[in-house]
Amino acid sequence: MAKKRKRTKAEVERIIELFNKEYGKEYKCYLNHENAWQLLIATILSAQCTDARVNIVTKELFVKYSSLEAFANADVKELERDIYTTGFYKNKAKNIILCCRKLLEEYGGEVPSELEELVTLAGVGRKTANVIRGNIYNEPSIVVDTHVKRISRKLGLTDSDDPVKIEFELMEILPKEQWILWNIHVIRLGRTVCTAKKPDCGNCFLRELCPGAGK
């Protein structure tokens, strides 16, 4: 199989220009939260679950468990019931409790900003860590979720299936000031126009630059 042609710098700049023109450059987080630890828990819950569903669950969850201490001391079976509809609830409940305990015991209740420290927390991988770094600490970070993986591949910016490899490839070709925006823009595109089941290529502002258009 012939290797796909890499996008030129000019093509990447044009894609970014069209994204910024269509969606603006305002930072937006799709998970509702009031502080860093709430976003951390919401992101853990978002694994294999929609942000909309997580927001429904956390609306009551963050009232019932109003502090890190409340989560750290939660009964695991009760927490499982509270988060049941987000899926994988057993692992998520266990990880949330362990994560909150470590934040209290080792970080004084503060969510760390360094990726190397974040990924030592239960239930936290590079994706979750980068959500925190980008949205809480404004550290340029690329979050590779299902939308970013699928649409970045479709646009010809990567041909990898590995989220970590995709993250580093995007870091190489996207200017740093666009790293956080890339996730925000691509999620919006993936939810409204370039949906997984039925992409509306005819009405996509990127169709002329997308090698995956109509496929």
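Visitor: At what angle do the axes of α2 and α6 cross?
Guide: Two packed helices are described by the angle between their axes and the distance between those axes. In this predicted model, the axes of α2 and α6 come within 10 Å and cross at roughly 155°. Axes are lines fitted to C-alpha atoms, for helices over the stretch in contact, with angles from 0 to 180 degrees between N-to-C directions. α2 and α6 are therefore roughly antiparallel (angles over 145 degrees). Helices are DSSP runs of H or I, at least four residues, numbered from the N terminus.

Visitor: Which residues make the contact?
Guide: From α2, L40, I41, I44 and L45; from α6, K92, I96, C99, C100 and L103. Contact means heavy atoms within 4.5 Å. These residues divide into 8 nonpolar, no polar and 1 charged. Ala, Val, Leu, Ile, Met, Phe, Trp, Tyr, Cys and Pro count as nonpolar, Asp, Glu, Lys and Arg as charged, the others, Gly among them, as polar.

Visitor: How much space lies in the largest pocket?
Guide: Rolling a probe the size of a water molecule over the atoms shows where empty space is left. Here the largest pocket holds about 880 Å³. A pocket is an open set of points on a 1 Å grid over the protein atoms alone, where a 1.4 Å probe fits, with protein on both sides within 12 Å along at least five of seven lines; lining residues have an atom within 4 Å of a point. The volume is the space filled by probe spheres set on the points, joined across faces, edges and corners.

Visitor: Which helix gives the most to the lining?
Guide: α8, with 7 residues. The lining has 16 nonpolar, 16 polar and 8 charged residues.

Visitor: What are the ground rules?
Guide: Residues are numbered from 1 along each chain as its sequence is written, and side-chain values use heavy atoms, leaving out hydrogens and water. Local features need pLDDT of at least 70, and side-chain atom pairs count only at pLDDT 80 or more, while totals for chains, interfaces and linings use all residues.

Conventions. Helices (H or I, at least four residues) and strands (E, at least two) are DSSP runs, numbered from the N terminus. Angles under 35 degrees count as roughly parallel, over 145 as roughly antiparallel, 65 to 115 as roughly perpendicular and the rest as oblique.
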